[in-house]
Amino acid sequence: MKNSKHERGNAQFRQLLVREAARLMYEENIKQYHTAKWRAAKNLLSRGGIKMCKIRTRDLPSNGEISLAVYQMAQMHEGGTLTRRLFSMRITALDIMENLESFSPRLIGSVSTGRIKKTSDIDLHLFTDSLETVENRLEELNWPFEKEMVTIRYGGKFREFTHFYVDHEFPVELSVYPENEIRIRGRSSTDGKPIDRLSYDRLLGLIEEQHADAWYEYLEFGDGSVTRD
């Protein structure tokens, strides 16, 4: 009986962690699941009234649980605006991919999966052995950008990659990989599965399937914009 009560307490605490971590990612725009989990645990314990003498890693919710909770929170607060914004972001991604086609762009992240929120950005992977050509192309397009070296765990090792942050209709993050790594996929921090990278044609097919009416209007009137909050 004692163990049963302990397990129920852990399950309740886990659900509280999911909601608090999701709130932190949605309202305070915390980017990393790991950070959101531990900050959520700290917040809950500091409020008192929760009997938990030690937090174990296995007691923490999965990234997938938190991702779903963030999306549900966005749906609750943003409603129909979310669908219009997703379409607009996907149209913007199409345009960017067309302009950067020489770097074999691939769309990943929330715009790919559809689980966006108001602070989501457009994440694209580019493949080239020349960073200079990416910079030159961005300057040629007159797209303001900032460049940063980012260390990430990739293929079981920590490596540095160049990221370009582009000031566009929506925030855009371009991650640059060596050209020969286009067929090598890292694993998603959300579900641990290989990252699904969408090509231009796959993204176009997704738009035609999931946004048929909006896509028809866009082709007819050429306006896929949505008011940003």
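Author: Happy to! This is a predicted model, where local features need pLDDT of at least 70, side-chain atom pairs count only at pLDDT 80 or more, and totals for chains, interfaces and linings use all residues. Residues are numbered from 1 along each chain as its sequence is written, and side-chain values use heavy atoms, with hydrogens and water left out.

Reader: How many helices and strands are there in the protein chain?

Author: Helices (H or I, at least four residues) and strands (E, at least two) are DSSP runs, numbered from the N terminus. Here the protein chain has eight helices and five strands, in the order α-α-α-α-β-α-β-α-β-β-β-α-α.

Reader: At what angle do the axes of H4 and H7 cross?

Author: Axes are lines fitted to C-alpha atoms, for helices over the stretch in contact, with angles from 0 to 180 degrees between N-to-C directions. Those of H4 (residues 80-99) and H7 (residues 200-210) cross at roughly 155 degrees and come within 10 Å. Angles over 145 degrees count as roughly antiparallel, and H4 and H7 are therefore roughly antiparallel to each other.

Reader: Which residues make the contact?

Author: Contact means heavy atoms within 4.5 Å. H4 contributes Phe 87, Arg 90, Ile 91, Ala 93, Leu 94, Met 97 and Glu 98, while H7 brings Tyr 200, Leu 203, Leu 204, Leu 206, Ile 207 and Gln 210.

Reader: What part of the protein chain is buried?

Author: Buried means under 20% relative accessible area (1.4 Å probe, protein chains only). Such residues make up 41% of the 229 in the protein chain.

Note on methods
Parallel < 35°, antiparallel > 145°, perpendicular 65-115°, else oblique. Buried < 20%, exposed > 50% of the residue type's maximum accessible area, 1.4 Å probe, protein only.
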